[in-house]
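This briefing is arranged by topic for a reader who has the coordinates at hand. Please consult the structure below before reading the points that follow.

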Amino acid sequence: MATLERDLRAPAAGRRFGFVLDRPEWLGPLMIAPAVLYIVAIVGLPFLLALYYSVSDISMGRRTLGFVGLKNFISVIPTSKFQTSLQNTFVFAIVSQVLVIILANILALALLKEFRGKWVVRLLLLLPWVAPISLGTIGWLWILDSIYSVINWTLEAFGLITADGWPMYLGKPYLAMGSVITVHVWRLLPLATVIILAGLTSIPKDIHDAAQVDGASFWRHQFQITVPLIRPILLVALLFGLVFAFTDMVVIFVLTRGGPYDTTQVLASLAFFTGIQGGDLAEGAAIAIFLFPLLLAVAIVFLRIARRAEVT
Amino acid sequence: MAIVETRDVRKHFGDVHAVDGVNLTTKEGEFLVLLGPSGCGKTTLLRMIAGLEDPTGGEILIGGQVVNDLPPRARKIAMVFQSYALYPHMRVFDNIAFPLRAQGVPRVEIPHKVEWAAGLFGIEKLLHRKPRELSGGERQRVALARAVVREPAVFLLDEPLSNLDAKLRTSARDELQQFQRRIGTTTIYVTHDQVEAMGLGDRIAVMQGGKVRQIGTPQEVYDEPADTFVAGFLGSPPMNLLEIPDCLVGFRPEHFLPKEAHESRDGLLALKFHISRIEYLGADRLLYGALEGKFPDTKVISKLASTVSTPVQPGKTQDFAVREKDFRFFDRETGLRTRPRPV
């Protein structure tokens with residue numbers, strides 16, 4: 001009896017820490033701590049700082065930080081630069097997302113089928129996503145260059161344009177917007193395709209077989225069976241894409257820097273130019289977080305719809 | 001209504017011959033069951049008839065017309081899947097209406113037809129529900145209603161009862177057969193469950209290794225198996241097989257009874273049976289053991305109905321017997337039936 005008691009007690013005394021890890025109330029917090037730390041330090045604090053900057057009078061080179069209320073917003077919102085950028089942001093985000101969703105659906109459908117060399121196509125398709133985006137965009141900068149544009153050289157070689165009629169892809173307002181949208185679509189397409197492909201492969205094969213036996217034509221099959229079934233995941237892809245398009249500026253920064261005449265300026269790039277390059281941190285912060293409430297609302301609505309969607 | 005015929009239909013996946021030259025012809029309005037173990041090619045054959053799978057060779061005819069090049073929707077077939085494959089995002093009404101809409105049935109006729117089909121299976125009250133709000137049995141009825149609503153020439157059913165619990169399966173089997181008799185549509189039914197096959201089929205095609213081993217009425221395939229595979233696959237427990245000098249001889253466990261349990265002493269072959277274990281199954285008892293004497297150490301099983309009152313005990317050797325007319329003879333090499341001979 002005495003030995004048994006000792007045996008039971010001995011390891012507990014020696015390896016107390018080991019048993020702490022067996023208790024869910026300790027192990028849980030311990031495992032999640034790095035993630036919480038990461039989010040607080042890298043996302044939470046900068047975000048709160050940006051919020052505070054937007055209602056302060058901070059600027060580069062000044063050591064004071066005063067609260068000014070909504071002054072930054074009131075002064076920047078009426079400016080034509082801001083209004084143009086706001087409008088451009090919506091055009092850029094919405095047009096690129098519509099294109100991305102349509103093209104990604106087509107690509108995902110094509111990649112669902114078995115064919116020779118499928119892996120090569122998949123690899124090529126994913127390349128824009130795995131390559132550093134600034135590098136890829138610099139490639140596009142040369143493709144769209146006013147003198148060296150390989151597109152123009154090719155078009156001229158085929159006699160489709162003349163030497164004095166070369167389009168200035170990045171130098172004319174509408175062409176420039178078209179160009180940045182094209183490159184942005186090129187860049188986001190892989191992610192959206194992979195997400196949609198995952199959604200498509202999750203539909204049981206029987207459902208497609210049943211639709212085929214039931215006599216559904218291609219379009220009926222797509223729009224009444226496939227698309228409704230992947231709607232939740234489609235919305236997630238769209239949400240990712242929209243947030244990306246509303247907040248990212250790498251493509252615009254590398255290709256046009258917002259030009260010509262601010263016709264491709266979006267809020268993200270305007271915030272950068274005002275806050276970092278212009279030195280007015282407070283106004284830059286105000287521009288940067290201007291769309292935050294809208295994006296938050298969009299995210300909530302999308303995630304709710306996605307969760308409500310019917311899946312067996 | 002139509003006759004389905006397959007002529008030397010084959011399906012090869014690489015080196016695997018999933019279906020290897022199947023010749024079948026249904027009769028008008030017949031309930032034909034494709035029965036076999038998993039991987040025997042029965043589902044692949046059904047999918048080829050449906051048009052969901054292209055045959056590697058051979059011809060498929062529905063109503064006398066070669067349909068090899070027709071898509072599923074042009075074959076006048078309806079199919080019920082093992083998973084039911086209901087459209088999860090549509091209400092029951094829209095699920096049943098889907099094939100009608102796909103075929104361009106005038107809008108005004110659709111509610112009427114849907115209600116008719118739902119009425120056949122007693123699911124009128126469920127029309128506004130989503131599939132996930134239904135029980136397994138209800139889903140199965142919806143799947144059947146969706147299949148029947150467009151009045152197809154041929155029904156193809158792929159193990160439609162296998163996802164139901166045992167009790168429900170029995171009643172669903174009964175309903176399914178009554179329903180098929182009533183509408184009289186040619187039906188091909190795939191299953192690996194011999195009870196289902198025996199209970200439902202007008203005829204059973206027993207398949208193995210991509211080939212049809214035997215086709216016949218339930219009684220024919222059970223009583224007169226064409227080879228040792230059919231003899232072993234049908235019947236639970238399977239047929240006992242003994243080796244005699246130039247062939248194999250088989251007899252059913254329920255024919256292997258204590259000597260005194262046989263009605264007549266004539267034409268009996270007596271065998272010494274050493275019982276090692278008894279399983280009591282309520283309606284029957286299964287006696288496991290081995291023969292002694294003429295066939296030493298040959299494992300056999302006896303199935304005694306509860307009406308047999310002869311006492312049996314594990315560990316004992318008792319006198320058992322089989323009527324000679326219950327013996328079935330098979331070639332030792334090919335496994336095929338051969339002529340009877342003295343044992």
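With 8 C-beta neighbours inside 10 Å, D297(B) counts as exposed (a residue is exposed if 12 or fewer other C-beta atoms lie within 10 Å of its own, buried if 20 or more do, and partly exposed in between, with C-beta atoms placed from the backbone). The model is predicted: local features need pLDDT of at least 70 and side-chain atom pairs count only at pLDDT 80 or more, whereas totals for chains, interfaces and linings use all residues. Residues are numbered from 1 along each chain as its sequence is written, and chains are lettered from A and ligands numbered from 1 in the order in which they are written.

**Backbone features of chain B**

- D297(B) has a phi near 60°, a positive value in a residue other than glycine, and belongs to the loop between β15 (284-292) and β16 (299-305) of chain B; helices (H or I, at least four residues) and strands (E, at least two) are DSSP runs, numbered from the N terminus.
- E151(B) is another non-glycine residue with positive phi, here near 50°.
- The loop between α4 (136-148) and β7 (154-158) of chain B holds E151(B), which is partly exposed because 13 other C-beta atoms lie within 10 Å.
- S236(B) and P237(B) are joined by a cis peptide bond with omega of about -5°, and P237(B) sits in the loop between α8 (228-233) and β11 (240-244) of chain B.

**Overall architecture of chain B**

- Chain B contains eight helices and 18 strands, and its C-alpha atoms fill a box of roughly 75 × 45 × 35 Å along the principal axes.
- Domain 1 (4-228) and domain 2 (240-331) divide chain B, with bounds from an automatic or database domain assignment; their C-alpha centres lie 39 Å apart.
- Of the 343 residues in chain B, 40% are buried.
- Among contacts in chain B with a separation of 6 or more, 63% link residues 24 or more positions apart; two residues are in contact if their C-beta atoms, placed from the backbone, lie within 7 Å.

**Interface between the chains**

- Chain A brings 17 residues to the contact and chain B brings 20 residues.
- On the side of chain A that touches chain B, α10 (205-213) and α11 (218-247) of chain A each supply at least two residues, and α10(A) gives the most, with six residues.
- That side of chain A has nine nonpolar, three polar and five charged residues (Ala, Val, Leu, Ile, Met, Phe, Trp, Tyr, Cys and Pro count as nonpolar, Asp, Glu, Lys and Arg as charged, and the others, Gly among them, as polar).

**Local packing in chain A**

- P173(A) is found in helix α9 (residues 173-201) of chain A and is partly exposed, with 13 other C-beta atoms within 10 Å.
- Apart from its neighbours within four places in sequence, P173(A) is in contact with P260(A), Y261(A) and T263(A).
- A50(A), L51(A), Y53(A) and S54(A) in α3(A) meet residues of α14(A), including L281(A), A282(A) and A285(A).
- By class, this contact of α3(A) with α14(A) has nine nonpolar, one polar and no charged residues.

**Confidence**

- Chain A has a mean pLDDT of 83, with 93% of its residues at 70 or more; pLDDT is the predictor's confidence in each residue, from 0 to 100.
- Helix α1 (residues 2-14) of chain A has the lowest mean pLDDT (53) among the elements of chain A, and α10(A) the highest (92).
- Where pLDDT is low, the predicted coordinates should not be read in detail.
- For chain B the mean pLDDT is 90, and 100% of its residues reach 70 or more.
- The predictor assigns the complex an ipTM of 0.83 and a pTM of 0.77.
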